[in-house]
Amino acid sequence: MKKLINDPADVITDALAGLAAAHPELKVDQRNRLVLRGDAPVPGKVGLVSGGGSGHEPMHTGFVGPGMLDAACVGEVFTSPVPDQILAATTAVDAGVGVLHIVKNYTGDVMNFEMAAELAAAETGTDVVSVVVNDDVAVQDSLYTAGRRGVGATVVLEKIAGAAAEQRRPLAAVAELARVVTANSRSMGMALTSCTVPAAGRPTFELRVTEMEIGIGIHGEPGRRRVLLTPAREAAAMLVEPILSDLPFTKGDTVICFVNGMGGTPLVELYVMYNEVARILRGHGVAIARSLVGSYVTSLEMAGCSVTVTKVDEDLLNLWDAPVNTSALRWGA
């Protein structure tokens, strides 16, 4: 194992210290392993809380700031944050108008966020609504989930819901927007290599140099099938065609297209993939209104990518375009 770390046991503590040093506009709570907006709670604004296991950076800590999340809860690598963390985050961002929990559909995340919401209601009376993201079309159930996994649509949802909250829309309206984004998003990913969890010290799975895994999860979960390495054109079709067949996209639909790197794929290759994805969507008469290309939902150093397609209307597009100022996503600010 070759990694730029001190000790596997200290990776999260050291990373949070580095984040605090690099971004003094944020509040980093080492004891509870939280990253918070520096001005939280924001008066009159619904608080947005998300989180999950580490190793997927910049999700979620990189999306804390004006226009997106108010707090991110940081678990161990590929491990859900615990209820006490989530409760602390919820309390810290509660401005009296409610808190939205954005939860990726992994069994531990769902269970712990549910427990935290119940504790918040009982202890402080906070109005908490949870929205579960489940956009991955690759498999129905996996090692980590009952139902579909939450992946790339999480970024789209956090941006759009964050903009709505910034406009001081009420909790019910922000939550409904989040549900609409989830319902209208589909994703699928692939891997060229495995990744190595620091505490494990060895690759999560093995892939020959001539193979790639289609439908991989962000924790290294197996996908639909293992195939021989193909050109980007064919790989893109293996990702996009299942998306298009799962959620009926019709000619004239307008979408946000997000090509995401898994952590070990250079940007030049992601743009090669984006070109192929865009070509396929155009061939189906689907219009790309906005795009996002880069490594935003990673799996440590895994090489590979995922594709997320989200149907949008004018309101969702305006919310996507609204100013955002976080360490990983920034425009219009």
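Valine 46 touches Asp70, Val97, Gly98, Val99, Leu100, Ala165, Arg169, Pro170 and Leu171, leaving aside residues up to four places away in sequence. In this predicted model, valine 46 sits in the loop between β2 (34-37) and β3 (47-54). Its relative accessibility is 1%, so valine 46 counts as buried, the limit for that class being under 20%. A further relation across the chain concerns valine 128: its C-alpha atom is separated by 9.8 Å from that of valine 46, although the two residues are 82 residues apart along the chain.

Asp70, one of the residues that valine 46 touches, also belongs to a network of salt bridges that links Arg37, Asp39, Lys45, Asp70 and Glu166.

Arginine 149 forms a salt bridge with aspartate 136, with 2.8 Å between the closest N and O atoms. Both residues are in the loop between β6 (128-133) and α4 (153-166), 13 residues apart. Arginine 149 has a relative accessibility of 0% and therefore counts as buried; aspartate 136, at 2%, counts as buried too.

Aspartate 321 forms a salt bridge with arginine 290, the closest N and O atoms lying 2.6 Å apart. Aspartate 321 belongs to helix α8 (residues 314-321) and arginine 290 to strand β11 (residues 287-294), so this pair ties together parts that are 31 residues apart in sequence. Here aspartate 321 counts as partly exposed at 33% relative accessibility, and arginine 290 counts as partly exposed at 29%.

Attention now turns to histidine 56, which is placed in the loop between β3 and β4 (71-77). With a relative accessible area of 1%, histidine 56 is buried. Its side chain makes a polar contact of 3.4 Å with the side chain of histidine 219, and it also reaches the backbone oxygen of threonine 298 at 2.7 Å. Both of these partners are among the residues that histidine 56 touches, namely Phe78, Ile218, His219, Tyr296, Val297, Thr298 and Ser299, when residues up to four places away in sequence are not counted.

The pockets remain to be described. Rolling a probe the size of a water molecule over the atoms shows where empty space is left. The largest pocket holds about 470 Å³ of space. It is lined by 22 residues, and Val11, Ala15, Gly55, Glu57 and Leu300 lie nearest its centre. α1 (11-22) and β4 each supply at least two residues of this lining, and α1 gives the most, with six residues. By class, the lining of the largest pocket has eleven nonpolar, five polar and six charged residues.

The second largest pocket holds about 200 Å³ of space. Of the 15 residues that line it, Met190, Leu192, Ala232, Glu269 and Met273 are the closest to its centre. At least two residues of this lining come from each of α6 (232-246), α7 (267-283) and β12 (304-311), and α7 gives the most, with four residues. The lining of the second largest pocket divides into eleven nonpolar, three polar and one charged.

Conventions: Residues are numbered from 1 along each chain as its sequence is written. This is a predicted model: local features need pLDDT of at least 70, side-chain atom pairs count only at pLDDT 80 or more; totals for chains, interfaces and linings use all residues. Side-chain values use heavy atoms; hydrogens and water are left out. Buried means under 20% relative accessible area, exposed over 50%, partly exposed in between (1.4 Å probe, protein chains only). Contact means heavy atoms within 4.5 Å. A salt bridge is a side-chain nitrogen of Lys or Arg within 4 Å of a carboxyl oxygen of Asp or Glu. A polar contact is a pair of N or O atoms within 3.5 Å; within protein, one must be able to donate a hydrogen and the other to accept it, and residues adjacent in sequence count only if both atoms are side-chain atoms. On a 1 Å grid over the protein atoms alone, a cavity is a set of points where a 1.4 Å probe fits but cannot get out, and a pocket is an open set with protein on both sides within 12 Å along at least five of seven lines; lining residues have an atom within 4 Å of a point. Grid points are joined across faces, edges and corners, and a volume is the space filled by probe spheres set on the points. Ala, Val, Leu, Ile, Met, Phe, Trp, Tyr, Cys and Pro count as nonpolar, Asp, Glu, Lys and Arg as charged, and the others, Gly among them, as polar.
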